[in-house]
Amino acid sequence: MTVQAPARTRQHVDTGHRLTFVRAIRGEWIKLSTLRSTWWSIGIAAVLTVGIAVLIAQAIDLPGFDPIQAVVMPIQFTMLLAGILGAISVTGEYSTGMIRSTLAANPKRGSVLAAKAVVIAVFLFVSSLVIFSAAAVAVSAVVASRDQSIDWSDPAASLLPIVVSSLAMSVFALIGVAFGFILRSGAGAIAATVGLLFVLPIVASFFTIAGDAWTWLLETANYLPVAAAQSAILPEGAALEGPVAYFTLAGWVAAGILAAWGVLRTRDA
């Protein structure tokens, strides 16, 4: 007589902890906020922004000089910190192997990319907003002694440049994120980010004395991320009109994130 073992029934236990995009964002925030490099980068950006802004405000005492220019000009240096922070937030996971755990917990690679991009962009925007605001307070204190001030009654000449500068820092960080996913190498992603944000504008500037034959190159350089950001921050007399500058920045972000998504979904971790 054969005794059959009772059939096993598979029970599904609902733990109540389904992965949602909000939880993916929370996970990315935990990873970003627990890195020492994150806070070192923000700290250095704050020191550079406030320090350089104060030095510019003290050094330039000319009729018609708008103090808000001193507040936003340091972005030419801090942009590199934003881009590098975005790059290492991705490549750090590849170098340690954490990316495998990330993709195991969240197999939807588009969700991983979107969550990281949102966290980096929001973090850079908020922190930059605080830093530029602190710089504005410091600059106001410097120029007050010579009867100058930031015209806070005109948002377009005061608040808007600060907000757009903070937005530009998010754009630079997202460019770094894109290069991080595309190249996966910390050195490679940082080199590509620095090359796009810093080296290419310098190379293009060499052609200002090359004659009319290279005018097309100079005009093309106006669409590089940093040049477009400068046109958006201080639109008066800028190379690009306001809407064109904003669309250019959006185009760089869209192109980078789409390329990163294509690479992430087709290659193994």
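Of the 67 residues in the largest nonpolar core, four touch the most other members: Val-71, Leu-124, Phe-172 and Phe-181. The helix that gives the most to this core is α6 (residues 109–143), with 16 residues. Keep in mind as you look around that this is a predicted model.

Leaving aside neighbours within four places in sequence, Phe-172 is in contact with Ile-75, Met-79, Ala-82, Gly-83, Leu-197, Pro-225, Val-226 and Ala-229.

| Helix pair | Axis separation | Angle |
|---|---|---|
| α7 (residues 159–183) and α11 (residues 242–266) | 8 Å apart | about 25° |
| α4 (residues 75–96) and α5 (residues 98–105) | within 5 Å | roughly 100° |
| α4 and α8 | within 9 Å | roughly 155° |

Take α7 and α11, whose axes pack at an angle of about 25°. Angles under 35 degrees count as roughly parallel, so α7 is roughly parallel to α11. The crossing in which α7 passes α11 is left-handed. On the α7 side, the contact is made by Val-164, Val-171, Leu-174, Ile-175, Ala-178, Phe-181 and Ile-182. From α11 come Tyr-246, Leu-249, Trp-252, Val-253, Gly-256, Ile-257, Ala-259, Ala-260, Val-263 and Leu-264. Sorted by class, this contact of α7 with α11 has 16 nonpolar residues, one polar residue and no charged ones. Notice that Phe-181 belongs to this contact and is also one of the core residues that touch the most other members.

The pair α4 and α5 crosses at roughly 100°, which makes α4 roughly perpendicular to α5. Here Glu-93, Tyr-94 and Thr-96 of α4 meet Met-98, Ile-99 and Thr-102 of α5. The residues of this contact divide into three nonpolar, two polar and one charged.

With α8, helix α4 makes another kind of arrangement. Their axes cross at roughly 155°, and α4 and α8 are therefore roughly antiparallel to each other. This crossing is right-handed. Met-79, Leu-80, Gly-83, Ile-84, Ala-87, Ile-88 and Thr-91 of α4 meet Gly-186, Ala-189, Ile-190, Thr-193, Val-194, Leu-197 and Phe-198 of α8. By class, the contact of α4 with α8 holds 10 nonpolar, four polar and no charged residues.

Is Thr-193 buried or exposed? Its relative accessibility is 1%, so Thr-193 counts as buried. Leaving aside neighbours within four places in sequence, Thr-193 is in contact with Gly-83, Ile-84, Ala-87, Gly-176 and Phe-179.

Finally, look for Lys-116, which lies in helix α6. Why does Lys-116 count as buried? The cut-off for buried is under 20% relative accessible area, and Lys-116 has a relative accessibility of 5%, so this lysine counts as buried. Which residues is Lys-116 in contact with, leaving aside its neighbours within four places in sequence? They are Glu-28, Lys-31, Ser-89, Val-90, Glu-93 and Phe-181.

Terms used: Residues numbered from 1 in each chain as written. Predicted model: local features only at pLDDT ≥ 70, side-chain atom pairs only at ≥ 80, totals over all residues. Heavy atoms only, no water. Axes fitted to C-alpha atoms, helices over the stretch in contact; angles between N-to-C directions. Helix = DSSP H or I, 4+ residues; strand = E, 2+ residues; numbered from the N terminus. Parallel < 35°, antiparallel > 145°, perpendicular 65-115°, else oblique. Left-handed = near helix turned anticlockwise from the far one by under 90°. Contact = heavy atoms within 4.5 Å. Nonpolar A, V, L, I, M, F, W, Y, C, P; charged D, E, K, R; others polar. Core = buried A, V, L, I, M, F, W, Y, C linked by side-chain atoms within 4.5 Å. Buried < 20%, exposed > 50% of the residue type's maximum accessible area, 1.4 Å probe, protein only.
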